[in-house]
Amino acid sequence: MIRVLVVDDEKMVRIGLVNFMPWKEFGMEVVGEANNGENALKFIENNKVDLLLTDLSMPVMSGIELMKEVSKHHQHVQVVVLTLHTDFEYVQEALRLGAIDYIAKTQLEKEQFEDVLGRIASLLDKKKLGVQQKERSQVDRVYVVYTLNHHSDDPKWDASLPQDAVEVEMGVWYWNDMPTTAWTSSAGHALVCFRDLLELDRKAIVQLIRTYRRNGFFYDYDPARTLLDIRRDEIVNIGKDSGHDLNELKSKWLSPDWVYDDRIFEQMLQELNAFKLPPIRLTRLFFSLTDEWNRLYGQTMGIHIVMEDSFQYFMQFEAWLSGARDAIRQANIKPQFSLEIQSSIAKATNLAQTMMSQSLTAGEMAQMVNMSSSYFSQCFKQIVGKTYTDYLREIRMERAKHYLLNTTKTIQWIAEQVGYNDDKYFSRLFREHVGVLPSDYRQAGMHDKHS
């Protein structure tokens with residue numbers, strides 16, 4: 001049984017790893033946990049440990065410092081790095097210190113647990129057999145096959161691989177030379193050629209392949225291309241913190257400009273591709289945006305935008321996004337109005353939602369979207385299906401119902417959040433719109449939850 005020590009300063013991370021990883025299936029057992037490198041060293045000195053799973057960024061003693069001490073005084077202990085740092089150069093420092101593998105926190109999901117432990121177990125077996133990992137590469141390039149759906153239970157397919165193909169992890173193989181009939185392409189898989197690899201050892205090459213799979217491949221893959229050609233220097237910056245403001249990015253996609261202006265939509269797509277957010281973060285961002293779009297446009301659309309659970313590559317995500325855009329446009333389209341006018345009214349509904357706590361009249365809103373007051377009111381009613389005043393009252397009451405059921409805030413606080421300074425006036429309007437007073441609505445909602 002392989003004895004494992006889990007080290008991370010975040011207690012919830014340790015609990016998750018200890019309780020949810022299928023350790024026993026791979027002949028492993030967690031014998032302890034520690035919240036920093038110093039405590040981990042004390043544990044190793046007094047207990048038998050075969051495998052150390054450690055975070056890099058910790059107080060008191062970092063993971064890098066811990067690894068240095070382990071390599072000096074406990075050479076039998078193998079190390080796997082647990083990190084938020086997925087960029088190639090940073091992880092290389094840990095690998096140079098003797099780590100046999102790494103786990104990126106941003107990529108770790110329950111369905112990957114078995115893949116991760118299987119890979120670690122395989123690396124430990126190779127260590128026991130004395131497999132050399134540090135010999136320098138004698139080739140300038142390698143060829144890699146990626147399975148598009150690497151969470152699939154069966155990663156095999158109808159393709160002939162060269163006899164010297166090496167499996168990096170589930171759904172990924174690489175080899176050095178490409179004979180004319182070495183590989184047969186098929187749906188669901190991609191071939192990539194990595195160049196400029198001289199002087200890298202085998203472990204570094206494998207790391208390069210894995211780093212590219214997690215981020216770059218998602219954005220570069222094109223089903224129409226039979227071979228992707230990637231240089232080493234195109235990968236080393238993948239995964240580094242780009243410093244992009246996600247709140248600013250989100251606000252752009254909440255604006256209706258991308259819905260009605262083709263040029264802006266293309267620019268925003270290019271920007272999104274250039275940012276190269278980790279696919280998981282991209283998906284989470286647009287899950288959140290989908291909820292907002294349904295709230296902003298749902299009343300006029302009459303349909304519900306559904307976000308896919310995951311995407312295999314960016315072009316697939318782009319197709320979904322274009323479909324969501326078409327759905328919004330088709331549901332709101334009024335042939336008698338120009339796209340410019342429809343965009344202005346969409347901006348008005350957006351502003352009404354985001355500035356709900358302010359008392360904006362129809363005239364003030366018309367100025368904000370550069371329309372005359374009378375024409376704005378006319379267009380708003382025909383496009384949205386109700387007057388601006390009725391629309392504003394309706395979205396305010398819907399937001400108030402949400403607050404009443406999902407918070408314990410006072411009626412006065414809720415009234416102010418939805419644009420009414422007088423809670424008595426708000427309560428009267430709420431009763432007219434909903435049929436009961438706010439306090440009674442909340443009480444009924446609490447009763448339903450407990451019944």
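Select Glu432 and Arg428: they form a salt bridge, with the closest N and O atoms 3.3 Å apart (a salt bridge is a side-chain nitrogen of Lys or Arg within 4 Å of a carboxyl oxygen of Asp or Glu). The model is predicted, so local features need pLDDT of at least 70 and side-chain atom pairs pLDDT 80 or more, while totals for chains, interfaces and linings use all residues. Residues are numbered from 1 along each chain as its sequence is written, and side-chain values use heavy atoms, without hydrogens and water.

Glu432 and Arg428 are four residues apart in helix 18, about one helical turn; helices are DSSP runs of H or I, at least four residues, numbered from the N terminus. Glu432 is exposed at 57% relative accessibility, and Arg428 is partly exposed at 41% (buried is under 20% relative accessible area, exposed over 50%, partly exposed in between, with a 1.4 Å probe and protein chains only).

Now show all of helix 18, residues 423-434. Its buried residues are Phe426, Ser427, Leu429 and Phe430.

At the start of helix 18, go to Asp422: one of its side-chain oxygens comes within 2.9 Å of the backbone nitrogen of Lys424. Just after the helix, Gly435 has a positive phi of about 110°.

Next, select Lys347 and Asp257, a salt bridge at 3.4 Å, N to O. The pair links distant parts of the chain, helix 13 and helix 9, 90 residues apart.

Terms used
Helices (H or I, at least four residues) and strands (E, at least two) are DSSP runs, numbered from the N terminus. The expected span of a helix is 1.5 Å times one less than its number of residues. A polar contact is a pair of N or O atoms within 3.5 Å; within protein, one must be able to donate a hydrogen and the other to accept it, and residues adjacent in sequence count only if both atoms are side-chain atoms.
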